[in-house]
Amino acid sequence: MFRKSLTLSQKKQWYGVLFVTPLLLGLVMLFLLPLIQSFRFSLSSIHLVEGGFAVDYKGWSNYSQLFTTNPDYPRRLTESVINMVVNVPIIIIFSLFAAVLLNQKFRGRALARAIFFLPVILASAAIANLDISSFVGGASLSGTGGGEGGGGLLQSFELKKMLTESGLAPVFVNYITGAVDRIYEIISSSGVQILIFLAGLQSVSPALYEASRIEGATGYEIFWKVTFPMMTPLILTNIVYSIIDSFSHNSINSLISETAFKSFEFGQSAAMSWVYFAVVTAILGISTAIISRKVFYYD
Amino acid sequence: MKSPAAYADIIQYRFNPLEKSKLWLWIVVRTVLIAGFCFIILFPLFLRLSVAFRSKVDIYDPTVLWIPRHFTFDNIKIAMEATHYFSALLNTFLISAGTTVVQLASCALAAYAFARLKFKGSGLLFGLVIFTIVVPPQTIMIPLYLTYRYFDLFGLIKLFTGKSSLNLIDTFWPFLISSSTAMGLKNGLYIYIFRQFFRGIPKEIEESAFVDGAGVLKTFYRIMLPNAVPAIVTVVLFSFVWQWNDSYYVSLFLSKVKVLSTQLMDMGSALGKEPDLVYQSMLLNTGVLLLTAPLIILYLFVQRYFVESVERTGIVG
């Protein structure tokens, strides 16, 4: 009798609650509680005792130790932040460019797209951890990669010389040549971003392009005045994604894991991860705040 | 039927030499760029393939460029032995396939609730889901480990078995539990993808199903899921591939059970007795190839479907 008296919308609400129950359980058990616990750990020292572990409160000393006595942490933290700041703009520009290319009609487009998404599949921390350079070095001994490797090196030297002579500031020169040198790294970390941009480009209404063509806009103008503004929300999405992604495989992660599972300093490691989390949140907040002012929403 | 503007374009391109040469120049530049990028992506892969079949003699032979002179399967054999390939492959496959199926179900259900079955607090809950994407996994790493090491499920286990806690480390349970509660690897992202997609499906379809007497559950799996195939393909591929390549959670939860990604990281020490460093890096490279080979084969089959479906997924924010 009770069931009959529920209206459809009430029933739907109850199903909604039912559907998210597993998520809710997981959220509490595997996310919120660990988060609180991790914060508690970061304020204490932990030792394993029989059948469990003991937690002794010791205040903020874990945090202060990080910046006063730990030799690696500040260096690695700045290192990964700088890497992120350098890489994310390149990745965004490259992936937008690649998506625009792949969105055009040409023969073999399906093949080119399939190849461009291949890095999504090959990108793996395990592979990245293996020193690729040592492998290429080994291969170039046999003469295989030698030609290409040498060529690439030479090219970027020439480029550097040319750019410097043309009067660009050395900072920019290093930035550009650095990007050219790390082209493989950049391509392989921009697979998902290309995908998001491509999906976005497909959703731009053709009527807009048609209208601007009739008004006499050139391809260049159409890109900057139609495509680019329509892409700004996705640029924001992609920047957030790239920042999170760039933090998911860097040296600081291994430092945190090592501190926890090699030297068994759980409290120290928790403090590390909280500082790290604060830095990530700050960067995300700042970049979102800056960019979302420029973002253009069509509707 | 082409629009008048399209005809105007065609006429302009066909009969204006300047436009025509500009168009051709762009085609050439585009082709070169795309071919170049494809080369950069494929080159290491081909190199790996070529190196994998080379014998030791060929390493120092400068005349061997791509096709090995002394074709051999020895590298693959050694790499397979060092990584215990087949048992590791089986474990990896079980974990990846299992978590993929389970988290597909849990994420799709939760996302459907967020998209259509709104209730009090669902907005807040969705905000928390997005928050899980932002929090680095390292922050909750230790408590998560301890949760599974001394697993008691809010004290329920003690109630039933009398033991104080269960040790779930070195079993597949952590992965299954995480993914069935939609807290596995990058599950927040999958929920987001599904939610965006479900929101894009017209409400009328759903309403007509209700009018025809289908319940909420039936509407979900008979109407919504078949319509969400592009999103499903994307999520399945992502979750399978990311779980396959993941070495972080795997090394956290499994120390004795061997899976490919951790085996690969330990392979250097497993090969320790090999004196020739170049040959050792060659073997490591073969190991990388062995790790990715199943994925590449899988991708060859699903790529067409994947590339098409991605465009319609609407990951768009």
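Residues are numbered from 1 along each chain as its sequence is written, and side-chain values use heavy atoms, without hydrogens and water. As the model is a prediction, local features need pLDDT of at least 70.

Let's start with chain A, which has 14 helices and two strands; these are DSSP runs, H or I of at least four residues for helices and E of at least two for strands. Of the 299 residues in chain A, 43% are buried (under 20% relative accessible area, 1.4 Å probe, protein chains only).

Next comes the place where the chains meet through helices. Helix H13 (residues 251-261) of chain A packs against helix H7 (residues 141-149) of chain B at an angle of about 45 degrees, their axes 11 Å apart. Ile256(A), Ser257(A), Ala260(A) and Phe261(A) of H13(A) meet Met141(B), Ile142(B) and Tyr145(B) of H7(B), where contact means heavy atoms within 4.5 Å. These residues comprise six nonpolar, one polar and no charged (Ala, Val, Leu, Ile, Met, Phe, Trp, Tyr, Cys and Pro count as nonpolar, Asp, Glu, Lys and Arg as charged, the others as polar).

Finally, look at Gln103(B), in helix H5 (residues 85-115) of chain B. Gln103(B) counts as buried because its relative accessibility is 2%. Beyond its neighbours within four places in sequence, Gln103(B) has contacts that include Ser179(B), Asn187(B), Tyr190(B) and Ser239(B).

Methods
Chains are lettered from A and ligands numbered from 1 in the order in which they are written. This is a predicted model: local features need pLDDT of at least 70, side-chain atom pairs count only at pLDDT 80 or more; totals for chains, interfaces and linings use all residues. Buried means under 20% relative accessible area, exposed over 50%, partly exposed in between (1.4 Å probe, protein chains only). Axes are lines fitted to C-alpha atoms, for helices over the stretch in contact, and angles run from 0 to 180 degrees between N-to-C directions.
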